[in-house]
Amino acid sequence: MNYIVEPEWAKENLDDLLVIDCRFFLQDPLKGRQEYEIDHIPGAHHFDLDHDLSGPKQKHGGRHPLPPLENLRGKLEEAGAANDKTILLYDSQNGAMASRLWWLLNYMGHSKAFILNGGYDNWKNKGYPVTAALPEKTQKGHFQPVIQEHMKASAQEIFANLPSIEKGERYLIDSREQKRYLGIEEPIDHKAGHIPGAHNYFWGDNLDGGDWKNQETLKERFSDLDPTKEVIVYCGSGVTACPNILALKEAGFTDVKLYPGSWSDWISYEDYPISDKSRK
(Lines give C-alpha, C1' and ligand atoms only; values in the text may rest on other atoms or scores of the structure.)
Protein backbone atom coordinates (compact mmCIF):
# COMPACT_ATOMS: atom_id res chain seq x y z
CA MET A 1 0.00 0.00 0.00
CA ASN A 2 1.29 3.46 -0.89
CA TYR A 3 -0.69 5.76 1.38
CA ILE A 4 -1.90 3.46 4.16
CA VAL A 5 0.33 2.31 7.02
CA GLU A 6 -0.13 -0.33 9.68
CA PRO A 7 -0.27 0.48 13.41
CA GLU A 8 2.90 -1.56 14.01
CA TRP A 9 4.88 0.71 11.68
CA ALA A 10 3.34 3.83 13.22
CA LYS A 11 4.22 2.69 16.74
CA GLU A 12 7.82 1.95 15.76
CA ASN A 13 8.25 5.34 14.08
CA LEU A 14 6.08 7.46 16.37
CA ASP A 15 8.88 9.73 17.56
CA ASP A 16 9.64 10.80 13.99
CA LEU A 17 6.06 11.49 12.95
CA LEU A 18 3.72 14.44 13.15
CA VAL A 19 0.47 12.79 14.22
CA ILE A 20 -2.91 14.40 13.54
CA ASP A 21 -6.19 13.15 15.00
CA CYS A 22 -9.04 13.91 12.58
CA ARG A 23 -11.96 12.45 14.50
CA PHE A 24 -15.22 14.21 13.64
CA PHE A 25 -18.85 13.09 13.62
CA LEU A 26 -21.22 14.79 11.20
CA GLN A 27 -24.24 14.11 13.44
CA ASP A 28 -22.45 15.50 16.52
CA PRO A 29 -19.81 18.09 15.53
CA LEU A 30 -18.39 18.40 19.07
CA LYS A 31 -17.93 14.68 19.67
CA GLY A 32 -14.62 14.28 17.80
CA ARG A 33 -12.84 16.90 19.90
CA GLN A 34 -14.42 15.52 23.06
CA GLU A 35 -13.18 12.02 22.29
CA TYR A 36 -9.71 13.39 21.48
CA GLU A 37 -9.59 15.06 24.90
CA ILE A 38 -10.44 11.75 26.58
CA ASP A 39 -7.59 9.93 24.87
CA HIS A 40 -5.53 9.93 21.69
CA ILE A 41 -2.21 8.73 20.29
CA PRO A 42 0.61 10.41 22.25
CA GLY A 43 1.70 13.66 20.62
CA ALA A 44 -1.33 13.85 18.32
CA HIS A 45 -2.84 17.22 17.44
CA HIS A 46 -6.55 17.48 16.70
CA PHE A 47 -7.84 19.01 13.46
CA ASP A 48 -11.58 19.63 13.21
CA LEU A 49 -13.49 19.14 9.94
CA ASP A 50 -15.67 22.21 10.41
CA HIS A 51 -13.09 24.60 11.85
CA ASP A 52 -9.80 23.49 10.29
CA LEU A 53 -10.53 21.43 7.17
CA SER A 54 -13.44 23.46 5.75
CA GLY A 55 -14.15 27.08 4.93
CA PRO A 56 -17.27 29.16 5.58
CA LYS A 57 -20.40 28.16 3.67
CA GLN A 58 -21.65 30.50 0.95
CA LYS A 59 -24.27 30.41 -1.83
CA HIS A 60 -22.08 28.05 -3.84
CA GLY A 61 -19.29 25.74 -2.77
CA GLY A 62 -21.24 23.09 -0.89
CA ARG A 63 -21.55 22.17 2.77
CA HIS A 64 -17.80 21.76 3.37
CA PRO A 65 -15.91 24.18 1.10
CA LEU A 66 -12.15 23.90 1.05
CA PRO A 67 -10.58 25.86 3.91
CA PRO A 68 -8.58 29.06 3.42
CA LEU A 69 -5.21 27.48 2.73
CA GLU A 70 -3.22 30.09 4.65
CA ASN A 71 -5.27 29.26 7.75
CA LEU A 72 -4.64 25.56 7.31
CA ARG A 73 -0.96 26.19 6.63
CA GLY A 74 -0.70 28.19 9.87
CA LYS A 75 -2.34 25.43 11.92
CA LEU A 76 -0.06 22.83 10.33
CA GLU A 77 3.04 24.89 11.06
CA GLU A 78 1.97 25.41 14.68
CA ALA A 79 1.77 21.62 14.97
CA GLY A 80 5.30 21.33 13.58
CA ALA A 81 4.60 20.51 9.94
CA ALA A 82 7.37 21.00 7.41
CA ASN A 83 7.75 20.00 3.78
CA ASP A 84 9.94 17.03 4.67
CA LYS A 85 8.02 15.95 7.79
CA THR A 86 6.15 12.64 7.59
CA ILE A 87 2.56 13.07 8.77
CA LEU A 88 0.36 10.31 10.17
CA LEU A 89 -3.40 10.85 10.00
CA TYR A 90 -6.14 8.91 11.73
CA ASP A 91 -9.79 9.06 12.75
CA SER A 92 -12.43 6.60 13.94
CA GLN A 93 -14.67 7.01 10.88
CA ASN A 94 -13.02 4.41 8.63
CA GLY A 95 -10.61 6.97 7.23
CA ALA A 96 -13.22 9.41 5.92
CA MET A 97 -12.03 12.45 7.84
CA ALA A 98 -8.33 11.55 7.77
CA SER A 99 -8.57 11.17 3.97
CA ARG A 100 -9.90 14.72 3.71
CA LEU A 101 -6.71 16.04 5.32
CA TRP A 102 -4.62 13.57 3.30
CA TRP A 103 -6.09 15.06 0.13
CA LEU A 104 -5.61 18.63 1.35
CA LEU A 105 -1.97 17.97 2.19
CA ASN A 106 -1.35 16.46 -1.25
CA TYR A 107 -3.18 19.38 -2.85
CA MET A 108 -0.80 21.69 -0.98
CA GLY A 109 2.16 19.71 -2.32
CA HIS A 110 2.91 17.60 0.76
CA SER A 111 3.27 13.98 -0.41
CA LYS A 112 4.51 12.42 2.84
CA ALA A 113 1.11 11.99 4.47
CA PHE A 114 -0.24 8.56 5.41
CA ILE A 115 -3.46 7.08 6.78
CA LEU A 116 -3.41 4.76 9.79
CA ASN A 117 -5.03 1.48 8.73
CA GLY A 118 -7.99 0.66 10.96
CA GLY A 119 -7.86 4.09 12.56
CA TYR A 120 -7.83 4.85 16.25
CA ASP A 121 -9.92 1.82 17.17
CA ASN A 122 -7.32 -0.50 15.67
CA TRP A 123 -4.56 1.31 17.56
CA LYS A 124 -6.38 0.96 20.89
CA ASN A 125 -7.40 -2.64 20.26
CA LYS A 126 -3.72 -3.54 19.91
CA GLY A 127 -3.06 -2.09 23.35
CA TYR A 128 -0.79 0.63 22.00
CA PRO A 129 -0.22 3.71 24.17
CA VAL A 130 -2.81 6.46 24.46
CA THR A 131 -2.96 9.63 26.54
CA ALA A 132 -5.23 12.48 27.52
CA ALA A 133 -2.29 14.88 27.66
CA LEU A 134 -2.24 17.59 25.02
CA PRO A 135 0.92 17.63 22.90
CA GLU A 136 3.77 19.70 24.22
CA LYS A 137 4.54 22.97 22.49
CA THR A 138 6.96 22.19 19.68
CA GLN A 139 9.12 24.32 17.47
CA LYS A 140 7.02 25.88 14.74
CA GLY A 141 7.54 24.19 11.42
CA HIS A 142 8.06 25.78 8.04
CA PHE A 143 5.69 24.44 5.41
CA GLN A 144 5.75 26.07 1.98
CA PRO A 145 2.73 24.87 -0.01
CA VAL A 146 3.00 24.17 -3.72
CA ILE A 147 -0.62 24.11 -4.82
CA GLN A 148 -1.56 21.30 -7.21
CA GLU A 149 -4.45 22.89 -9.09
CA HIS A 150 -4.77 19.85 -11.38
CA MET A 151 -6.08 17.86 -8.42
CA LYS A 152 -9.50 19.53 -8.30
CA ALA A 153 -12.40 20.12 -10.67
CA SER A 154 -15.11 22.77 -10.56
CA ALA A 155 -18.82 22.50 -11.17
CA GLN A 156 -18.36 24.53 -14.34
CA GLU A 157 -15.70 22.15 -15.62
CA ILE A 158 -17.95 19.14 -15.01
CA PHE A 159 -20.95 20.86 -16.60
CA ALA A 160 -18.92 21.69 -19.71
CA ASN A 161 -17.68 18.09 -19.95
CA LEU A 162 -21.00 16.29 -19.40
CA PRO A 163 -21.07 15.06 -23.05
CA SER A 164 -17.63 13.44 -22.74
CA ILE A 165 -18.62 11.98 -19.35
CA GLU A 166 -21.74 10.46 -20.87
CA LYS A 167 -19.60 8.96 -23.66
CA GLY A 168 -17.16 7.45 -21.18
CA GLU A 169 -14.22 9.53 -22.40
CA ARG A 170 -13.64 10.57 -18.77
CA TYR A 171 -15.25 9.31 -15.60
CA LEU A 172 -17.33 10.89 -12.87
CA ILE A 173 -17.67 8.91 -9.63
CA ASP A 174 -20.38 9.45 -7.01
CA SER A 175 -19.08 8.21 -3.64
CA ARG A 176 -22.38 8.22 -1.75
CA GLU A 177 -24.54 5.24 -0.82
CA GLN A 178 -26.57 3.85 -3.70
CA LYS A 179 -29.94 4.97 -2.31
CA ARG A 180 -28.71 8.58 -2.32
CA TYR A 181 -27.12 8.19 -5.74
CA LEU A 182 -30.44 6.90 -7.13
CA GLY A 183 -32.43 9.62 -5.41
CA ILE A 184 -34.41 7.08 -3.38
CA GLU A 185 -33.39 8.75 -0.14
CA GLU A 186 -31.76 12.12 0.58
CA PRO A 187 -31.34 12.80 4.30
CA ILE A 188 -29.08 15.84 4.02
CA ASP A 189 -29.43 17.91 0.85
CA HIS A 190 -32.56 19.59 -0.50
CA LYS A 191 -32.47 17.79 -3.86
CA ALA A 192 -32.06 14.08 -4.57
CA GLY A 193 -30.33 12.24 -7.40
CA HIS A 194 -26.88 12.49 -8.96
CA ILE A 195 -24.90 14.26 -11.66
CA PRO A 196 -25.76 12.74 -15.07
CA GLY A 197 -23.25 10.17 -16.26
CA ALA A 198 -21.80 9.46 -12.82
CA HIS A 199 -20.84 5.94 -11.78
CA ASN A 200 -21.66 4.93 -8.22
CA TYR A 201 -18.84 3.56 -6.06
CA PHE A 202 -19.77 3.87 -2.39
CA TRP A 203 -16.66 4.95 -0.50
CA GLY A 204 -17.29 2.52 2.35
CA ASP A 205 -16.82 -0.43 0.02
CA ASN A 206 -13.06 0.28 -0.01
CA LEU A 207 -12.97 -1.25 3.46
CA ASP A 208 -13.12 -4.74 4.86
CA GLY A 209 -14.41 -4.20 8.36
CA GLY A 210 -12.40 -1.24 9.61
CA ASP A 211 -9.31 -1.98 7.51
CA TRP A 212 -8.60 -0.93 3.95
CA LYS A 213 -8.76 -3.58 1.26
CA ASN A 214 -5.41 -4.43 -0.31
CA GLN A 215 -4.23 -3.02 -3.63
CA GLU A 216 -5.22 -6.04 -5.70
CA THR A 217 -8.74 -6.01 -4.30
CA LEU A 218 -9.04 -2.27 -4.95
CA LYS A 219 -7.80 -2.76 -8.53
CA GLU A 220 -10.51 -5.39 -8.99
CA ARG A 221 -13.11 -3.05 -7.52
CA PHE A 222 -12.41 -0.40 -10.18
CA SER A 223 -11.64 -2.86 -12.98
CA ASP A 224 -14.53 -1.59 -15.14
CA LEU A 225 -12.74 1.76 -15.45
CA ASP A 226 -9.72 2.57 -17.63
CA PRO A 227 -6.95 3.73 -15.25
CA THR A 228 -5.42 5.95 -17.95
CA LYS A 229 -8.51 8.18 -18.20
CA GLU A 230 -9.37 11.21 -16.08
CA VAL A 231 -11.53 10.51 -13.04
CA ILE A 232 -13.46 13.19 -11.13
CA VAL A 233 -14.78 12.12 -7.73
CA TYR A 234 -17.55 13.69 -5.66
CA CYS A 235 -19.80 12.86 -2.72
CA GLY A 236 -22.23 15.00 -0.73
CA SER A 237 -19.83 17.74 0.34
CA GLY A 238 -16.31 16.79 -0.73
CA VAL A 239 -15.34 14.77 2.36
CA THR A 240 -16.11 11.09 1.71
CA ALA A 241 -15.02 11.49 -1.90
CA CYS A 242 -11.46 11.63 -0.53
CA PRO A 243 -11.26 7.97 0.60
CA ASN A 244 -12.37 7.01 -2.91
CA ILE A 245 -9.58 9.17 -4.35
CA LEU A 246 -7.11 7.43 -2.06
CA ALA A 247 -8.47 4.02 -3.13
CA LEU A 248 -8.21 4.93 -6.82
CA LYS A 249 -4.62 6.06 -6.34
CA GLU A 250 -3.87 2.79 -4.55
CA ALA A 251 -5.44 0.96 -7.51
CA GLY A 252 -3.09 2.66 -9.97
CA PHE A 253 -5.19 5.53 -11.31
CA THR A 254 -3.05 8.61 -11.90
CA ASP A 255 -5.38 11.38 -13.15
CA VAL A 256 -7.83 11.68 -10.27
CA LYS A 257 -9.53 14.92 -9.25
CA LEU A 258 -11.79 15.98 -6.41
CA TYR A 259 -14.90 18.03 -7.03
CA PRO A 260 -14.71 19.85 -3.68
CA GLY A 261 -18.24 21.24 -3.59
CA SER A 262 -19.74 17.93 -4.69
CA TRP A 263 -23.50 17.29 -4.77
CA SER A 264 -24.35 20.05 -2.28
CA ASP A 265 -22.64 22.53 -4.62
CA TRP A 266 -24.04 21.09 -7.85
CA ILE A 267 -27.63 21.53 -6.71
CA SER A 268 -26.97 25.18 -5.83
CA TYR A 269 -27.00 25.89 -9.60
CA GLU A 270 -30.61 25.90 -10.73
CA ASP A 271 -29.84 25.11 -14.38
CA TYR A 272 -27.55 22.13 -13.75
CA PRO A 273 -29.16 18.78 -14.65
CA ILE A 274 -29.97 15.98 -12.20
CA SER A 275 -30.42 12.28 -12.87
CA ASP A 276 -31.93 9.45 -10.84
CA LYS A 277 -31.06 6.64 -13.23
CA SER A 278 -28.13 4.27 -12.74
CA ARG A 279 -25.20 4.55 -15.14
CA LYS A 280 -25.07 1.47 -17.38
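**Entry 1: S262**

I started with S262, which sits in helix α11 (residues 262-266). Helices here are DSSP runs of H or I with at least four residues, strands are E runs of at least two, and both are numbered from the N terminus. Before going on I noted that this is a predicted model, where local features need pLDDT of at least 70, side-chain atom pairs count only at pLDDT 80 or more, and totals for chains, interfaces and linings use all residues. I also noted that residues are numbered from 1 along each chain as its sequence is written, and that side-chain values use heavy atoms, with hydrogens and water left out.

Is S262 buried or exposed? I found it buried, at 0% relative accessibility. (Buried is under 20% relative accessible area, exposed is over 50%, and partly exposed is in between, using a 1.4 Å probe and protein chains only.) I looked up phi of S262 too: near 55 degrees, a positive value in a residue other than glycine. Most residues other than glycine have a negative phi.

**Entry 2: N94**

I went to N94 next and found a positive phi there as well, near 60 degrees, again in a residue other than glycine. N94 lies in the loop between β4 (87-90) and α4. I have N94 down as partly exposed, with a relative accessible area of 37%.

**Entry 3: α4 against α10**

How do α4 and α10 pack? I get an angle of about 70 degrees between helix α4 (residues 96-107) and helix α10 (residues 241-250), with their axes 7 Å apart. (Axes are lines fitted to C-alpha atoms, for helices over the stretch in contact, and angles run from 0 to 180 degrees between N-to-C directions.) The two helices, α4 and α10, are therefore roughly perpendicular. (That covers 65 to 115 degrees; under 35 is roughly parallel, over 145 roughly antiparallel, and the rest oblique.)

I listed A96, S99, R100, W102 and W103 on the α4 side, meeting C242, P243, I245, L246 and K249 of α10. (Contact means heavy atoms within 4.5 Å.)

**Entry 4: D52**

I finished on D52, in the loop between β3 (45-46) and α3 (69-78). D52 is buried, with 16% relative accessible area. What does the D52 side chain reach at 2.7 Å? I see the backbone nitrogen of D48. I also see a polar contact of 3.4 Å between the side chains of D52 and K75. (A polar contact is a pair of N or O atoms within 3.5 Å; within protein, one must be able to donate a hydrogen and the other to accept it, and residues adjacent in sequence count only if both atoms are side-chain atoms.) Leaving out residues up to four places away in sequence, D52 touches H46, F47, P67, L72 and K75.
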